Amino acid sequence: MYPKFSLDGSGLGWQIVDKIGTLTAMSIHQLSAVVAVARNGTIGRANTLPWKLRSDLQRFKQLTMGHTLVMGRKTYESIGRPLPGRQTIVLSRRQETRFDGVCVAASIEAAMAFVPRDSHAFVVGGAELYRLAMPMIKDWYVTLVLADIQGDAFLEPWDESEFHCVESAFVPADEFNEWPSTFRHLVRHQNNGHRST
Ligand SMILES: NC(=O)c1ccc[n+]([C@@H]2O[C@H](COP(=O)([O-])OP(=O)(O)OC[C@H]3O[C@@H](n4cnc5c(N)ncnc54)[C@H](OP(=O)(O)O)[C@@H]3O)[C@@H](O)[C@H]2O)c1
């Protein structure tokens, strides 16, 4: 896998709780992330996905349908439209950013305030957004692409010792899946990184 990264789990999340209040605290508590990442950390190339993996797209749809997607402006532009059946929140620092059918937020705090009370929020990339949201993410749905892939967007490594794996399933390569992969669901330990029993 990729190198260890020291995660500051006490940072951004609690600042947001202080500034915005209980509703936002609930949203943060439920923040998940979905990512497909190669063994060498690549997640993208030329603002698109550098692989064809139908199984990963199907898993993404299954996980996120009916919920809220939080993504960076570049990832939204690479998709080019709101994904059906999901609320989309796009992060952009530019005041002029507007897209039909999506909410635009100027900060992660503003994005979290858009998440409806009964919706689950998924951070879905790209690299900047994962980096920004990393301290707040309670669980990661990872597709580990079992190959080293050239790219220009990378997932910042995190300290895997802060998470435990509750799902791991191997998906072989076939005519619809260019590479073999492993679906993983990693859940952050409770109690500041100590594994709960
Ligand atoms: N493999 C995967 O699972 C996966 C998933 C998603 C995306 N990707 C790939 O990732 C790549 C894109 O990633 P990226 O890092 O280049 O771009 P990105 O994270 O999608 O978007 C970056 C943009 O988000 C906005 N932003 C970032 N931080 C912000 C903040 N703190 N406050 C407000 N706005 C903020 C800025 O928009 P403005 O410039 O408008 O201010 C910034 O330019 C593509 O190759 C894509 O295909 C891969």
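User: What makes Val123 the partner of Ala33 in this predicted model?

Analyst: Val123, in strand 6, is the bridge partner of Ala33. The model is a predicted one.

User: Why are strand 1 and strand 6 called paired?

Analyst: Two strands pair if DSSP finds at least two bridges between them. Strand 1 and strand 6 are joined by two bridges and run parallel, so the pair meets that cut-off.

User: Why do strand 7 and strand 10 count as a pair, and in which sense?

Analyst: Seven bridges link strand 7 (residues 139-145) to strand 10 (residues 181-188), in the antiparallel sense. At least two bridges are required, so these strands pair. One of the bridge partners is Thr182 in strand 10, which goes with Leu144.

User: What is on record for strand 9 and strand 10?

Analyst: Strand 9 (residues 163-171) and strand 10 pair over eight bridges, in the antiparallel sense. Glu167 stands opposite His185 of strand 10.

User: In which order do the strands of the open sheet lie?

Analyst: The order is 5-4-3-6-1-7-10-9, eight strands with mixed pairing. What makes strand 5 (103-105) and strand 9 the edge strands is that each pairs on one side only. Neighbouring strands are turned by 20 degrees against each other on average, direction ignored.

User: Why are Asp56, Phe60 and Thr64 called buried?

Analyst: A residue is buried if 20 or more other C-beta atoms lie within 10 Å of its own. Asp56, Phe60 and Thr64 are the buried residues of helix 3 (residues 54-64), so each reaches that count.

User: How do you know that the buried residues line one face of helix 3?

Analyst: Seen down the axis of helix 3, the buried residues fall within an arc of 50 degrees, so they line one face. Gln58 and Gln62, on the other side of the helix, are exposed, which means that 12 or fewer other C-beta atoms lie within 10 Å of the C-beta of each.

User: What do the buried residues of helix 3 pack against?

Analyst: They pack against strand 1, strand 3, strand 6 (121-123), strand 7 and strand 10. Helix 3 runs at about 175 degrees to strand 1. Just after helix 3, Gly66 takes a positive phi of about 85 degrees.

User: Which residues come nearest to the ligand?

Analyst: Gly44, Gly72, Thr75, Gly125 and Gly126 come nearest, of the 28 residues around the ligand. The shell divides into twelve nonpolar, eleven polar and five charged residues. Among the elements that each supply at least two shell residues are strand 1 (32-38), strand 3 (68-72) and helix 4 (73-79).

Note on methods. Residues numbered from 1 in each chain as written. Predicted model: local features only at pLDDT ≥ 70, side-chain atom pairs only at ≥ 80, totals over all residues. Near = placed C-beta within 6 Å. Helix = DSSP H or I, 4+ residues; strand = E, 2+ residues; numbered from the N terminus. Nonpolar A, V, L, I, M, F, W, Y, C, P; charged D, E, K, R; others polar. Arc of directions from axis to C-beta. Contact = placed C-beta atoms within 7 Å. Axes fitted to C-alpha atoms, helices over the stretch in contact; angles between N-to-C directions.
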